[in-house]
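Here is a friendly walk through the covalent and charged side-chain links of one protein model. Please keep the viewer open while you read.

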Amino acid sequence: MSHKRVPKRKIVFAGAGAAAVAAAAIILPNANASQDDKAEAAQPKKVDAASAADIAAELASQLGEAFGGAYYDKDKQQVIVNVVGDNNNVNVQVKSAGAVARKVDNSTKALQTAAKTLKTKATIPGTSWSVDPKTNELRVTADSTVTGAKWDTLESTVKSLGDGMATLKKSTGEFKPFVAGGDAIFGGGARCSLGFNVTTDSGAPAFLTAGHCGVAAEQWSDSQNGAAIGTVQDATFPGDGDFALVTYDDANTEAPSTVNTGDQTVDITGAGEATVGQQVQRMGSTTGLNDGSVTGLDATVNYPEGTVSGLIQTDVCAEPGDSGGPLFSADGQAIGLTSGGSGDCTSGGETFFQPVTTALEAVGAKIGDGGAAGGGGAADDGGAADGGAADGSGAAGDGAGADGAGGAADNG
């Protein structure tokens, strides 16, 4: 088993600096007038979250240091773009793209610099931070274990960033990877959830799950104490991500690109970038189907086991055993893999996810059916108790694929 470092993820919303600086050349009065007319005529577009990500990515590369992040207003179905400064040409570009310009103080570059300060001075187990474009600040959180001198260090570091750069709050739970003993997919005495079925670059059927599951055991089964059905090929945790690639030991395994939510099967058609404000659903072997929204990007979480960066932050609940389970959109886009967080599905809390796009790029795989038609494997009810974990206990559906694709039982 090898351990890969993740390349820097493609930036879409508020995650990192843009590549190019917007042109600010001298423009003739007539040109200014036409620009103003164009901006006046442009109206905000109504778009879905996936299209919002594309618009924001394009503007991030165009606006340079004037870009302060973006988010999706799901009620108005509009892209809100944070703009630093008073350059009218920037506002024209935003409006011409069909987005809404919003004046803010902090550029993405400034927020990145602040995050580096936190990493240097306040990498304390039980803390996290992510970019929140809605507030144009870093969202810094400390769990219940951060007390005394550790809290003082964190608080003083946040204050040193300056007014309006970061907010600090306390969480009642404890940040930890959501892995536990029990049933779903099993390895080394741990229980996790299968994320998404994929096809490797060699054409082999495989699945993604959490990296902290992948480093806990090399082989995984679809039933407790059962025979292995998959072997870990790549795993990253901690560090620049939390993901693992597990190839099915039987090359004829069916690996359908679906998530079984209990009530219905959702076809997964591809992988998409998360956007702040986007509505998402999470499936897990412990708590089943839960939904919520994306609240932050480029999150860093300081677990007791080590620091993980580049994550998605949400308000979707999760519990031990849900690790590795799929985060996806209603239209079938694979968004993330459950990493960890605090709280539970009774009291709520913060939950973090590995972006699927980054994981796919790192392991050289793609979303899609990697199995042969009619391949056989685990039985429909294989391994798990009836009504318990997954159709095949979280890892195997009909034909030992992942019809449950994240631990959902056929009957919920």
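The report below covers the disulfides and then the salt bridges of this predicted model.

## Disulfides at a glance

Searching the whole structure turns up 2 disulfides. If you number the bonded cysteines in sequence order, they pair as 1-2, 3-4.

## The C192–C213 link

Let's begin with C192 and C213, whose sulfur atoms lie 1.9 Å apart in a disulfide.

The angle about the S-S bond is -95 degrees, making the C192 and C213 link left-handed. Both C192 and C213 are buried.

## The C317–C345 link

The other pair to look at is C317 and C345, a disulfide with its sulfur atoms 2.0 Å apart. Here, too, distant parts of the chain are linked, and the two cysteines are 28 residues apart. C317 sits in the loop between strand 20 (306-314) and strand 21 (326-328), while C345 sits in the loop between strand 22 (333-341) and strand 23 (351-355).

The link of C317 and C345 is right-handed, with 95 degrees about the S-S bond. C345 counts as partly exposed because its relative accessibility is 30%, which falls between the 20% and 50% limits.

## Salt bridges

Side chains of opposite charge can pair when their charged atoms come close. How many salt bridges does a search of the whole structure find? The search finds 6, and three of them are described here, starting with D75 and K74, where the closest N and O atoms are 3.5 Å apart. D75 is exposed, at 67% relative accessible area, whereas K74 is partly exposed, at 41% relative accessibility.

D86 and K103 also meet through their side chains, at 2.7 Å from N to O.

Finally, R139 and D132 form a salt bridge with an N to O distance of 2.9 Å. D132 is buried, since its relative accessible area is 6%.

Key: Residues numbered from 1 in each chain as written. Predicted model: local features only at pLDDT ≥ 70, side-chain atom pairs only at ≥ 80, totals over all residues. Heavy atoms only, no water. Disulfide = S-S within 2.5 Å. Buried < 20%, exposed > 50% of the residue type's maximum accessible area, 1.4 Å probe, protein only. Helix = DSSP H or I, 4+ residues; strand = E, 2+ residues; numbered from the N terminus. Salt bridge = Lys/Arg side-chain N within 4 Å of Asp/Glu carboxyl O.
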